[in-house]
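Thank you all for coming. I would like to go through one structure with you, beginning with the whole chain and then turning to a single residue.

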Amino acid sequence: MTATLVEETAPPPPPTGLADRARRLRRRGRIVALLFALPALLLLGALVVYPVLFSIGRSFFDASGTRFVGGENYTEMFRDPATVKAVRNTAIWVVVAPALLTGLGLILAVLVEKVRWATAFKLLLFMPMAVSFLAAGIIFRLAYDEDPDKGVLNAAAVSVHDVFKDTSAYPTARARDGQGLTRAADGSYRTGASVSPGDSVTLPLVGVPPKDLPTGTEPAHGAAGRTAAPDELRGVVYLDFTPGGGGTPGEVDPRESGLPRMQVEAVRDGRTAATTTTASDGSFRFTGLDAGSYALRLPASNFAPPYDGISWLGPALVTPAIIGAYLWIWTGFSMVLIGAGLSTLPRDALEAARMDGANEWQIFRRITVPLLAPVLTVVFVTLVINVMKVFDLVYIIAPGPVQEDATVLATQMWLVSFGGGNNQGLGSALGVLLLLLVVPAMVFNVRRFRRSQR
């Protein structure tokens, strides 16, 4: 009886013609979808799949591409000091840049919420994303220029330095040969003969363009004619050069200028007994000296070259300098993404924490950051993928002499293949290595995205 009831209530099977029609419709839909996707698939295959497969095959051949060498290119990669340095620099990029960008983006996203003009502030920070890496590289190459007249960073560094420490007024000055001044190993000049209180001396220097003399400089001729008192040691430091020609070397001629603000020391038994500074006409005098013989010394600080700032693009700082340029470009990107995640946080949890007495730092550390963990992870992994492929900034900003100190895998691959190395077998091996490093991060990002979608 039960079986009879089941048979009576079961739906009748669909007619064979309707089932075949449904299968034909599904098949036709798949074919139409494939036809629409075919141009994109062909483009993807031509621009991505074929180059990857070709590079993998090319990496097993020598530089000419005619002789099969197996894994020799892969072993050569890690024997080449330049490649090892590129791997090390890439590791620095991967560790430092994404961490800094994620941290800066998080801090700025949280702070922007409390700013009145939040939209305008976000726009300003995001604007560098509209600048190409080529243009950004040129901008920062100029900003990092060692010449303070060109590089804005060194101009600022020199300005701050000069506020706290005076610079030498005569970096190019030197003693007139054969006129009683000899150069010491430390860059100072001292008199060869001894002098005593009651003497008057002249210390001739050359090498200073008259246009570079300090404002208010006066002729030295009047000071040279003064006679020293018995208890004083007097002299004049002057520029032994007469504009327009003429004059006698070693003598203070009427049109020759004194050198003001020049430090002079009286030295006895290897110790400095007294120090003074020249006046606007180059004159100086020592009083209260004990009787005896002294030597006069012009310290090396009088001739020290001016402070030129920091060598931003030197071997030691070139990689941090380029990372700084990268931060300028990508900070807005991370801030906007994290800000979007921040806007979706449940406000009731934040308000409940405030009502329970939590301060802003505790809310940030124990609620905001844990809830934003998925967004922070996506941003971090995306930036890791991006920095592994960085090329433009490194190639443009790093000068030729330090290119090897700043090189990363992408630039090393280009240099080996096309930038003078002409070894596309080794360059292909570097490309395969870069691909193997990028793929795990890409797979992680895609899987996380799918989980979040589900």
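The accessible surface of the protein comes to about 26000 Å², and carbon and sulfur atoms hold 62% of that area, where accessible areas come from the Shrake-Rupley method with a 1.4 Å probe and, for residues, only the protein chains shown count as cover. Please keep in mind that this is a predicted model, in which local features need pLDDT of at least 70 and side-chain atom pairs count only at pLDDT 80 or more, while totals for chains, interfaces and linings use all residues. Residues are numbered from 1 along each chain as its sequence is written, and side-chain values use heavy atoms, with hydrogens and water left out.

In secondary structure, the protein has 16 helices and 9 strands, these being DSSP runs numbered from the N terminus (helices H or I of at least four residues, strands E of at least two). Along the principal axes, the C-alpha atoms fill a box of roughly 145 × 75 × 40 Å. Of the 454 residues, 37% are buried, meaning under 20% relative accessible area with a 1.4 Å probe, protein chains only.

Let me now turn to one residue. Arg 234 lies in strand β5, which covers residues 232-239, and Arg 234 is buried, with a relative accessible area of 13%. Leaving aside residues up to four places away in sequence, Arg 234 touches several others, including Asp 199, Arg 226 and Phe 284, where contact means heavy atoms within 4.5 Å.

Methods. Buried means under 20% relative accessible area, exposed over 50%, partly exposed in between (1.4 Å probe, protein chains only).
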